[in-house]
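Reader: I am new to this structure and would like to ask about a few of its parts. Please show it to me before we start.

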Amino acid sequence: MPDHLHHLEQHSIHLIREAYARLKPLAMLWSLGKDSNTMLWLTRKAFQGRVPFPVILLDTGNEFAEVYAFRDRYINEWSLDYINAPCPPVEATDPGLPPNARAAARKTLGLKQLIAERGFAGILLGIRRDEQAIRAKERGMSPRDAQGSWHVREQPTELWGHYTSMAPEGGHVRVHPLLEWTELDIWRYVEREAIPVCELYYARNGKRYRSLGEADITFPVPSDAATIAEIIAELETTKSEERAGRAMDHEREDAFERLRAAGYM
Amino acid sequence: MSLPLAVCLAGHVDHGKSSLLGRLLHELDLLPEGKVARLEAASASRGVPLEWSFALDALQLERDQAVTLDTTRVHVRAPRRDLIVIDCPGHRELVRNLVTGAAGTTAALLVVDGQLGAEAQTRAHAALLRLLGIRDFVVAVNKMDALDWNEARFAARRDEIAAALALLGVAVHAIVPTSAQDGGNIVVAPPAAAWWQGPTLVGALETLPEEPAVNADAPLRLPVQDVYRSGTRRVVAGRIAQGTLKPGAELMVLPSGERVHVATLEGWPQPPQSAAAGDNVALTFAEPVIVERGDLLCSPVAPARLTPVFDADVFWLGHEPLAVGGRLELRIGTRAVAVRVAAVVHALDVDRLAPAVARAIATNGLGRVTLRCDVPVALDDATECFETGRFVLADAGVVVGGGLVDASRYPDQRRALKPANRNVVAVDHHISAVERGARSGHVGAIVWLTGLSGAGKSTLAMALERALFDRGWNAYTIDGDNVRRGLNADLGFSPQDRQENIRRVGEVAALFADAGLVCITAFISPFDDDRARARATAGHRHFFEVYVKSELATCEARDPKGLYGKARRGEIKGFTGIDSPYEEPSAPDLVIDTQHADESACIAQLVSFVAERCGA
């Protein structure tokens, strides 16, 4: 009897293979968190252990030291074709955004620059519906225009495993293999598959990081969960939000939507 | 951990779908910390009382206009069962987003405003959901607070909704009163509804049936998604739509009809021993057979059908109505081919939930059409295999519709693939066609008459035979009824047998033409593909397709053999023009209009056409 994780896993693998078949060249954003590591793991399952396209870190220079160390280790262990994409300074971002959102918007610009340089037709991203109500409105494949903008009112029809893999001239397609997963699904899968994750997720001195972003705008939350099993137990009962420690989400009601409309992940 | 049940939330715009779901999350204490305070703030800033819908409707425009624009999914940890509730917009302009949310689920929660009842949009949604494969319904008669939780008014709505859904043939498991506003009967029935003996909304959702179990014994269907090359090895990738797969299994590749064996199943970290429906597989073949994306791997015992033409129940989202001649891309499994609408069979009238005569399917409408692809496509009837029997239609890369295949009225072209028998070698005659023509004064030829029963084929054929004979020519008519008494006495009138009937006639006509005769055939021969094959069988020989044209009503009035009467009374099934299609020839060599011209003029037209082309 196939279980829910199997169902999610197979749905994701199909979408990753579909992206590889239809979007050339293809690349993946590897933000080094639990979600993008899971996505990388699913990619290896899809292609018999290989990762047949480059993985990208949008590097603000502000990631945690532990995150950089994790990256250096797994680039080698998993033989990844790694691209380090430096992000433009905060001064280059939309001054109309609140300050923490501007820090996050650096990644939007870094991605835009990279796509312009390398001409990627498709980008795989590990976003999920349950982490953020605006992300919840996404599609499996989401076409973006040359500016990277998300036209949320004109999202394509998507059904029965048929996706819209065509973007406007100069645009690209965002692919979201983890959209249907929840935070709890991810941790149960990490446990089942023994997927390596960064040690910052595990509690130290009564605190842990539940969601990893740039060091300057991401804060740990109170927790004693020091193992994956304890994290799962915590999530089964918690009422606090996954991104509670992400300052960019909480400045203004419309901040996240504005970031995403302009091309944020 | 069992599979959570996916339930699609649908109904007319403003009947309170998102509010009901937001309130349901609150009643089950599933909203995160601080969420209610944020919803209160977001509502207050817009000068409205607490809007539960804002828990789902996160977009600024959705909140400003208090309407769901796009679909989303929420996990609901109900006490007895995990649910995934898919919120869908109800607005008629946003049907594409409803389709996106609802497709792939088997159950729906239909929300109806108790004050307004099941309006046209509600019925249209229910019909669309049924087409998308949803069979299990729970209905919430919402806004009961505005009806003062009045039992009689609820009962009136319940009966009206039950009657409408009965027309669709779906299972309605519960019709429950609810109020998103006061939270009544979502988890607990309120005191005002002491009369209510039925389940709460959550209780009704928790007891919906499980999704039907996958039938592991069903014949294999595996659309080829991609082929990965590593060195000289080719690894075939795809997701199993139906059945199971093991190394050593024999497969049929469609459309080619080739047979292959599975050598290995590949995988990481370990290759699997076997794979089942829903699994993504990577496999290698034992034989050096090349396949590509779009091919369908099947069980050779029960393979898919192969046909360029089929009927389909469709939903249509395009800006312009879907009418005859419209060219689109058909995507089924991993195959994408050009397709055109050959006929509009009917449109669905949402007021009566019944078929209505129509020339087109309106935007956001449903109906039945005949589709013709440029090449034969491997597919199944949706009732046989839902995964390979459903398709989408795309226009310039944009999905504009979709539907379910019903190919039961058309022959399977796979059986027409000629078996290559390597032991048969053609023997040459010593008399050439030129020698035969020099003696008879005319060339051998095939005059292929096609048209509805009663159009005048036999009359014309026999008159042409007489006229040519009187000129001293060698001519002979093969007539449908005569052949079915002898050569084809073993064949009935199923699409398959009709195809074989025409195939044999095509072969015999080619032999007669070789013998130097003008061979006239008088068969309805309703299918384009069969006539095209007869022409292909004729090869280098003269072949003239003559469309004997008359309207159905006229043929039926003539009814020389009393067959239309029998067909109308249901005494004979699959009669062309009544309950089996006739495909008009797209490029006939000659059209004879027996509707308007009189008999002698028609005969004269045909005789002079043949005499000019076949005289030596």
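This is a predicted model: local features need pLDDT of at least 70, side-chain atom pairs count only at pLDDT 80 or more; totals for chains, interfaces and linings use all residues.

Reader: Is helix H12 of chain B largely enclosed or open, and how many of its residues are buried?

Author: Helix H12 of chain B covers residues 528–538. Among its buried residues are B:Asp528, B:Arg531 and B:Ala538. The helix is largely enclosed by the rest of the structure, because the buried residues number eight of the 11.

Reader: What covers the buried residues of H12(B)?

Author: The cover comes from elements of chain B, including helix H11 (495–514). Strands also take part, among them E15 (305–316), E21 (366–379), E24 (445–450) and E27 (542–549).

Reader: Which residue just after H12(B) takes a positive phi?

Author: The place to look is just after the helix. A positive phi of about 55 degrees is found there, at B:Gly539.

Reader: How far from B:Lys457 is the nearest side chain of opposite charge?

Author: B:Lys457 lies in helix H9 (residues 457–470) of chain B. Its contacts beyond four places in sequence include B:Leu449, B:Phe523 and B:Val548. A salt bridge needs a distance within 4 Å. B:Lys457 is buried and has no salt bridge, as the nearest side chain of opposite charge, B:Asp479, is at 7.9 Å.

Reader: How many residues does the largest nonpolar core have?

Author: Nonpolar side chains tend to be buried together in soluble globular proteins. Here, A:Leu159, B:Leu129 and B:Phe315 are among the members that touch the most others in the largest nonpolar core. A second, separate core, which includes A:Phe64 and A:Trp78, has 58 residues. The count for the largest core is 81.

Key
Residues are numbered from 1 along each chain as its sequence is written. Chains are lettered from A and ligands numbered from 1 in the order in which they are written. Side-chain values use heavy atoms; hydrogens and water are left out. Buried means under 20% relative accessible area, exposed over 50%, partly exposed in between (1.4 Å probe, protein chains only). Helices (H or I, at least four residues) and strands (E, at least two) are DSSP runs, numbered from the N terminus. Contact means heavy atoms within 4.5 Å. A nonpolar core is a set of buried Ala, Val, Leu, Ile, Met, Phe, Trp, Tyr and Cys residues joined through side-chain atoms within 4.5 Å. Lys and Arg count as positive and Asp and Glu as negative; His and the chain ends are not counted.
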